[in-house]
Amino acid sequence: MPAALPAAAGEPARWPAVLARQRGWRRRGAAILLGALAAAALPPVHAIPLLWVAFPGLLLLMGGAQNWRQALWIGWWFGFGFFVAGLYWLAWPLSLDIVRFGWMIPFAVFGISGVLAIFPAAAAALTHATRMRGIARVLLFAVAWIAGEWLRGHLFTGFPWNLVATAWAALEPMMQSASLVGAYGLGLVTVFLAAAPALLCEPGLERRNRFAGFGAALALLAGLWLWGAERIAGADARPVEGVRLRLVQGNIEQSLKWDASRREQTFAHYVALTRQPGLDRITHVVWPETAIDYRFVSDYPAARIAGERLQRLVAAIPPNGALILGAIRDERQQWFNSVHVIGPDGTVRATY
């Protein structure tokens with residue numbers, strides 16, 4: 001390969017063009033690698049700086065696409081790497097009985113990732129098809145990416161895993177913005193900030209526009225960080241007086257959790273654990289996610305637990321406190337994984 005020529009005035013360095021010129025398996029491999037790097041920024045790795053490698057790299061690859069179809073496939077391979085690296089854990093439950101379920105692992109990890117990659121693919125295709133340039137292109141890509149996150153979080157029962165905003169879970173100041181705009185709003189800002197360095201490498205863009213857009217992204221990042229830090233500094237972190245928790249873990253095996261013949265036994269097990277000595281000194285009892293498989297109706301606060309189980313459940317609730325438990329919510333035959341707060345009179349006082 002000949003040596004790169006010096007960059008002309010107003011033009012970015014020539015080395016990013018190497019990425020844009022990739023074709024065939026090199027382009028696919030680069031897209032998969034960049035997607036995997038983006039996933040490494042999410043929990044539990046939290047290698048957040050890799051976002052500033054992955055998203056600019058994706059936009060540079062897209063810059064080498066000759067039409068929206070090529071951009072779509074670049075986005076798909078990026079998404080494939082992103083989801084495979086982020087959803088590898090889907091293989092773990094299937095490996096518990098490898099003889100019976102091992103054959104499903106490739107379909108669970110690679111098949112689901114391939115379907116979910118359609119959303120990044122659509123974002124890449126839309127961004128390329130509009131032919132926007134500069135900061136408008138970066139902003140459009142961020143909007144399209146987050147629109148894809150929202151859609152996959154709601155379509156076909158929803159699968160809102162690997163949201164970009166969760167990258168900030170390790171940095172409390174940046175997390176605070178979610179209190180204003182939610183996970184999707186923070187994700188939009190995150191993708192925009194992470195993709196902004198691509199402006200420095202965009203061919204034909206005037207130098208002042210290139211650095212103005214990148215500078216605006218840096219200012220936004222600094223502003224969000226300072227606002228979040230100030231919000232944390234002003235928060236009241238004092239513990240609430242008089243609260244004594246009892247955390248109950250029934251240790252029910254997963255294979256038995258949804259066994260209808262074990263339903264009453266599981267319920268009685270949690271009640272017995274809760275009523276162990278010292279309950280008179282407890283204010284709040286907490287049971288785990290889907291601790292019991294009885295369904296709760298959604299129209300609280302009027303909702304009450306029906307039947308003979310009510311008295312047994314009330315007996316496990318502190319007189320002046322509450323039971324916080326995980327159970328399925330039945331909302332017109334639509335089931336939702338929920339948390340319920342139940343008062344000592346058996347009333348469902350709140351549901352999330």
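Helices (H or I, at least four residues) and strands (E, at least two) are taken here as DSSP runs, numbered from the N terminus. The model on display is predicted, so local features are given only where pLDDT is at least 70 and side-chain atom pairs only at pLDDT 80 or more, while totals for chains, interfaces and linings use all residues. Residues are numbered from 1 along each chain as its sequence is written, and side-chain values use heavy atoms, with hydrogens and water left out.

**Stop 1: a cis bond and a pocket**

Select P44 to begin, in the loop between α2 and α3 (51–63), and look back along the backbone, where the peptide bond from P43 to P44 is cis, with omega near 5°. Most peptide bonds are trans.

A pocket is an open set of points on a 1 Å grid over the protein atoms alone, with protein on both sides within 12 Å along at least five of seven lines, and lining residues have an atom within 4 Å of a point. Helices α2 (24–40) and α4 (68–86) each supply at least two residues of its lining.

**Stop 2: aromatic rings**

Next, select F55, F78, F82, F83, F141 and W145, which form one aromatic cluster. Rings of Phe, Tyr and Trp (its six-membered ring) pair if their centres lie within 6.5 Å, and planes under 30 degrees apart count as stacked, over 60 as edge-to-face and the rest as tilted. By that criterion the structure holds 18 aromatic pairs. One of them joins Y88 and W92 edge-to-face, at 5.6 Å centre to centre and 75° between the planes.

How exposed is W92? Its relative accessibility is 55%, so W92 counts as exposed, whereas Y88, at 39%, is partly exposed; the terms mean under 20% relative accessible area for buried, over 50% for exposed and in between for partly exposed, with a 1.4 Å probe and protein chains only.

**Stop 3: salt bridges**

Which side chain meets R100 in a salt bridge? Selecting D97 shows the partner, at 3.7 Å from N to O, where a salt bridge is a side-chain nitrogen of Lys or Arg within 4 Å of a carboxyl oxygen of Asp or Glu. R100 is exposed at 55% relative accessibility, and D97 is partly exposed at 27%.

D236 and R238 have their closest N and O atoms 2.8 Å apart, and both residues are exposed. D345 and R349 meet at 4.0 Å, N to O, with D345 partly exposed at 38% and R349 partly exposed at 45%.

**Stop 4**

Move to R131, in the loop between α8 (118–130) and α9, where phi is near 60°, a positive value in a residue other than glycine. R131 is exposed, with a relative accessible area of 57%.

Then select W150, L151, L155 and F156, which form a nonpolar patch on the surface with about 450 Å² of accessible area together. Such a patch joins nonpolar side chains (Val, Leu, Ile, Met, Phe, Trp, Tyr) within 5 Å, from residues with over 30% relative accessible area and no salt bridge. F156 sits in the loop between α9 (134–152) and α10 (172–175) and is exposed, at 77% relative accessible area.

**Stop 4: the largest cavity**

Finish at T290, in the loop between β2 (284–286) and β3 (296–297). Is T290 buried or exposed? At 7% relative accessibility T290 counts as buried, and its phi is near 40°, again a positive value in a residue other than glycine.

T290 is also one of the residues that line the largest cavity, together with others including K257, D259, R262 and Y294. A cavity is a set of points where a 1.4 Å probe fits but cannot get out, and about 60 Å³ of space lies in this one. Helix α14 (residues 263–274) gives the most to the lining, with three residues.

Note on methods
Patches are made of residues with over 30% relative accessible area and no salt bridge: like charges are joined within 9 Å, nonpolar side chains (Val, Leu, Ile, Met, Phe, Trp, Tyr) within 5 Å. Accessible areas come from the Shrake-Rupley method with a 1.4 Å probe; for residues, only the protein chains shown count as cover. Grid points are joined across faces, edges and corners, and a volume is the space filled by probe spheres set on the points.
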